[in-house]
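Please read the following report alongside the sequence and the coordinates.

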Amino acid sequence: MTKPLKQIHLAAHFPGVNNTTVWSDPEAGSHIEFSSFAHFARTAERAKFDFLFLAEGLRLREQGGKIYDLDVVGRPDTFTVLAALAAVTEHLGLTGTINSTFNEPYEVARQFASLDHLSGGRSAWNVVTSWDAFTGENFRRGGFLPQDERYSRAKEFLATATELFDSWHGDEIVADQETGTFLRDAKAGAFVHTGQHFDIHGQFNVPRSPQGRPVIFQAGDSEEGREFAASAADAIFSRYAALKEGQAFYTDVKNRLAKHGRGHGDLLILPAATFALGDTDAEAEELAKEVRRQQVSGATALKHLEFVWNRDLSSYDPEGPLPDIDPDVSDNHISKGRAQVRMYRDPLAIAREWRELAAANKWSIRDLVINTGNRQTFVGSPETVARTINEYVQADASDGFILVPHITPTGLDTFADKVVPLLQEQGVFRTEYEGTTLRDHLGLAHPDHARGERAAS
Amino acid sequence: MSPSSPLHLAVALDGTGWHPASWREPVARPRELFTAAYWADLVAEAERGLLDFVTFEDGLGLQSSHHLAPDDRTDQVRGRVDAVLLAARIAPLTRHIGLVPTAVVTHTEPFHLSKAIATLDYVSTGRAGVRVQITARPHEADHFGRRTIPRIEAYDSPVVTDLFDEAADYVEVVRRLWDSWEDDAEIRDAATGRFIDRDKLHYIDFEGRHFSVKGPSITPRPPQGQPLVTALAHQTVPYRLVARQADVGYVTPRDAEHAREIVAEIRAEQGTAGRAQEPLHVFGDLVVFLDDDPAAATARRERLDEAAGEPYESDARIFAGTPAQLADLLQELQAAGLTGFRLRPAVLGHDLPAITRGLVPELQRRDAFRQAYEADTLRGLLGLARPANRYAAA
């Protein structure tokens, strides 16, 4: 018996504030003006994508005590842009990253319920956690969380927000002009939450929204993050886009669902993926190489080496050999406000390995950073890319991909025009939107119709 | 120049209108209050009337007939959507009119609000403002659980004074964050690989009694430089907030004499705050029932009061009459020192079109209101220059 073909889910990640985004390209436009967001969203909707994804940052990154100036710097407010995009799109889901550490449940729940109303049921929330005092300096609640409390706060934050979303059931507003009854129940929206992180009660003031609750995304990768996602998320924004790693992650997370009383289709795995498209595979390879060089200037290469060395390397020549000195392994890290530096757990070993790699390949600092950095996930002609994406999804490396173009705002155009029609021809991607809400696009049940109770509620 | 200087007009949007029984009128659309289309229609009507801006009410709890406590009423509109997001949702559908959502500053983060309003300014290409509001309601503090606010009897309590002081600090932070990027900070210098000139980004280093905020903002300086900051004020303490931090204050005079007193008090506070030279609009708030026949307006008011079961009372003066009578009143109040008005339509479906199609043409005939939008930004409509950045080297 042959397995039925899985339908692919596709999303568009607005290019972010890291060196994946090539701002130096002549085609690169504004990262702030609404026209860029509108163009990007319209392209995604023209291509029948499931949703658009916006990341968030709450403090400008610093390196060596100075604001990092080599990547795109600055972005607009996530909620506000998504609400405006709801006006220029009709079907596209609107997913925003919102931090659970520097917000309060009542306010975030109001904002997502409002966005869901104002978009006719297209909102989604990527719940992220943070604990650093560096970001906390921008907030009145300031301070920060012990690292081991961040997931407990995030879980309770989401559970509390869920209680707020569920505090209205959808039948309270009667608005009977004859009898003068507006509300069926004076206690609509009543809630009480008592927990370790939140002790709140009262009445929520946004009635039940079209999706009931926003679609919930989770992006963490730790054991706790995976367990959190398996218990409470509708989708995971994962980092494992390669076939083998993707399959391992997919299996791991999907296998966690049963113990939370959830089915295989209740949690979608959607890795971030980059791409380089050419008319031929050879042209795409050339373009991919060129883009990687654009992404890593000499100055950027030195700064990336500093993530590992944890020292000021500005006196080094990026076209020259790697530093002889060893990394500084003290706790005070040269880079602030950036998640990826925590990935280098053993800088001394990495430095050794990189020196050997550079020596063996006769690589300069810049060559090394380019070659050890992320290669584009999908490189090839439209046919190759469409075929590969479909293979990965059918092989359960993912349920689809969140595409991250390297050019703002036109970086999605070619994909939309060339790759999407091929996926549609193969019968694995929609040719028209079949529903109106993001839950419809993702094949997720409305919470009022979901099987069983959620662990988070 | 016409002999009478033009006045400015804003409309305050809330639910189906300001009268608590407005939702029962046939023109009301109470089941659509949570849809974007309902609000888009209202703002389009306001824009057809060439109004300077609309405000959107908001709050961190359910509406209540009590100022300081919840009620258990089921006969009035309850529930709303977030005003900042609502304004953003409407922005791409409009071209000229200013959008001024209410934001509560008592339990929220100035960093978040600053970037939200800056972003509203981007998505509206220069038409954003904010109306800041405190809340002294203990039950709304319970929605956040971060602090308790003592139960008070009235707004002349020291508790309220403290909340307004905090609001002034909050607006200071919001404004500094708007200036924390100089206009030309983004350089995209391919030669050096630098996207920004970081010397043109500034830490705001605000430290106050209630909070500290480091900065800079994550959002570049918005198109207007400083979006409009507005506040409603009924007495000395909030007048001081208006004088210290606002571009537009909304006040509630009983009559021309009272308007004169309020304006004098605000101007004096403005001097004390060292802002005497800065433009500051003082708008009068009025609830309006408008009909071509004055008796019809009065009868409508009575009918709505009867439906509500009690006479409608408001902090603002309630006007019922014809567009021409209202135009007379507005010009009389303007002569007393007010520069504009924020009208609160009793029934949005009736009184908003009466403003745009009745009052506005009447004022235009008197050369007291614009014939066309004359500026691309909200500050421009109000005659406010784009301010210099406080952090930029002179």
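## Strand pairing in chain A

Two strands are said to pair if DSSP finds at least two bridges between them, and the elements themselves are DSSP runs numbered from the N terminus, with helices being H or I of at least four residues and strands being E of at least two. On that basis, strand S3 (residues 62–63) of chain A is joined to S15(A) by two bridges, the two strands running antiparallel, and Glu62(A) has Lys336(A) as its bridge partner in S15(A). Both strands belong to an open sheet of three strands in chain A, ordered S4-S3-S15 with antiparallel pairing. Its edge strands, each pairing on one side only, are strand S4 (66–67) and strand S15 (335–336) of chain A.

This is a predicted model, in which local features need pLDDT of at least 70 and side-chain atom pairs count only at pLDDT 80 or more, whereas totals for chains, interfaces and linings use all residues. Residues are numbered from 1 along each chain as its sequence is written, while chains are lettered from A and ligands numbered from 1 in the order in which they are written.

Elsewhere in chain A, strand S9 (residues 190–194) and strand S10 (residues 199–203) pair in the antiparallel sense over five bridges. A hairpin of four residues connects S9(A) to S10(A), and His201(A) in S10(A) stands opposite Val192(A).

## Overall form of chain A

The secondary structure of chain A amounts to 14 helices and 17 strands. Its radius of gyration, 23 Å, is close to the 23 Å that the globule rule gives for 457 residues, so chain A is as compact as a globular protein of that length; the radius is taken over C-alpha atoms, and the rule is 2.2 Å times the number of residues to the power 0.38. The C-alpha trace of chain A spans about 80 × 55 × 45 Å along its principal axes.

## Contact between chains A and B

Residues are in contact if their C-beta atoms, placed from the backbone, lie within 7 Å. The contact between the chains takes 64 residues from chain B and 63 residues from chain A. On the side of chain B that touches chain A, H3(B) gives the most, with seven residues.

## A helix pair in chain B

The axes of helix H5 (residues 158–178) and helix H6 (residues 236–245) of chain B come within 9 Å and cross at roughly 10 degrees, the axes being lines fitted to C-alpha atoms, for helices over the stretch in contact, with angles from 0 to 180 degrees between N-to-C directions. H5(B) and H6(B) are therefore roughly parallel to each other, a label for angles under 35 degrees. Residues of H5(B) in this contact include Phe164(B) and Val171(B), and those of H6(B) include Leu241(B) and Arg244(B).

## Backbone features

The peptide bond from Thr408(A) to Pro409(A) is cis, with omega near -10 degrees, and Pro409(A) lies in the loop between strand S17 (400–403) and helix H13 (413–425) of chain A. In chain B, the peptide bond from Gly215(B) to Pro216(B) is cis, with omega near -10 degrees.

Arg188(B), in strand S5 (residues 186–189) of chain B, is a residue other than glycine with a positive phi, near 45 degrees. Asp367(B) also has a positive phi, near 60 degrees, and is found in the loop between helix H10 (348–365) and helix H11 (378–381) of chain B.

Key
Angles under 35 degrees count as roughly parallel, over 145 as roughly antiparallel, 65 to 115 as roughly perpendicular and the rest as oblique. Two residues are in contact if their C-beta atoms, placed from the backbone, lie within 7 Å.
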